[in-house]
Amino acid sequence: MTAFGTNQTAARLHDLIVQTEIPLRLIPEQQSGISCVWCLNPLYDGPETVALDEASRGLRGCARCYTARVETLETYYAWLNHCSACPYCRDGGACTVSFGYRALHQDAARVIGRPPPLCSGCFAEVQADEVLIPKLREGSSATHLSYFHARCPRRRR
Ligand SMILES: [Zn+2]
Ligand SMILES: [Zn+2]
Ligand SMILES: [Zn+2]
């Protein structure tokens with residue numbers, strides 16, 4: 001149902017949302033698809049309701065919450081694609097294009113209540129003037145969208 005990118009991309013983003021974005025604790029109304037898994041608002045059949053994990057559990061979300069998560073993932077991947085192709089970013093430089101992608105991503109992440117990014121190398125909160133790069137980490141059951149200092153001291157100061 002999304003208007004984002006190719007079907008393949010939309011399907012991949014949808015799978016990622018189902019794998020990583022559904023809260024672990026759900027009330028019965030959310031478990032049965034009556035309420036949005038994110039905002040708890042009641043759901044009605046139609047384009048404003050998005051099926052999640054339909055095959056196994058019947059979880060559903062509202063289009064507003066779902067779209068905000070798609071935007072968070074899309075802006076992350078746009079930023080990631082830039083940084084993996086840009087020689088300046090690969091060298092740990094303070095790239096203005098990367099800062100632009102990062103700002104878009106952080107704006108989208110703020111809408112869904114994400115805390116400011118932590119560096120996965122040193123676990124420190126990343127300051128706005130520090131160079132940050134997105135990096136995927138493969139976990140046991142899902143891919144984690146992670147962030148690292150471009151030049152990480154690797155330990156807490
Ligand atoms: Zn919702
Ligand atoms: Zn760059
Ligand atoms: Zn770090």
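Q: Which residue of E4 is the bridge partner of Leu-132?
A: This is a predicted model, in which local features need pLDDT of at least 70, side-chain atom pairs count only at pLDDT 80 or more, and totals for chains, interfaces and linings use all residues. Residues are numbered from 1 along each chain as its sequence is written, while chains are lettered from A and ligands numbered from 1 in the order in which they are written. Strands are DSSP runs of E with at least two residues, and helices are runs of H or I with at least four, both numbered from the N terminus. With that settled, the E4 partner of Leu-132 is His-149.

Q: How many bridges join E3 to E4?
A: Strands E3 (residues 132-138) and E4 (residues 143-149) run antiparallel, and a hairpin of four residues links them. Pro-134 is found opposite Tyr-147 of E4. Two strands pair if DSSP finds at least two bridges between them, and here the number is seven.

Q: What pattern does the protein follow along the sequence?
A: Its secondary structure consists of five helices and four strands. Read along the sequence, they give α-α-β-β-α-α-α-β-β.

Q: Are H3 and H5 roughly parallel or roughly antiparallel to each other?
A: The axes of H3 (residues 63-85) and H5 (residues 96-111) come within 8 Å and cross at roughly 160°. Here axes are lines fitted to C-alpha atoms, for helices over the stretch in contact, and angles run from 0 to 180 degrees between N-to-C directions. Angles under 35 degrees count as roughly parallel, over 145 as roughly antiparallel, 65 to 115 as roughly perpendicular and the rest as oblique. H3 and H5 are therefore roughly antiparallel.

Q: How many residues of the contact of H3 with H5 are nonpolar?
A: Among the contact residues are Trp-79 of H3 and Leu-104 of H5, where contact means C-beta atoms, placed from the backbone, within 7 Å. Ala, Val, Leu, Ile, Met, Phe, Trp, Tyr, Cys and Pro count as nonpolar, Asp, Glu, Lys and Arg as charged, and the others, Gly among them, as polar. Five of the residues are polar, two are charged, and the nonpolar ones number 11.

Q: Which helix gives the largest share of the side of domain 1 that touches domain 2?
A: An automatic or database assignment sets the domain bounds, with domain 1 at 7-67 and domain 2 at 71-149. Their C-alpha centres are 25 Å apart. The contact takes six residues from domain 1 and five from domain 2. On the domain 1 side, five residues come from helix H1.

Methods
Contact = placed C-beta atoms within 7 Å.
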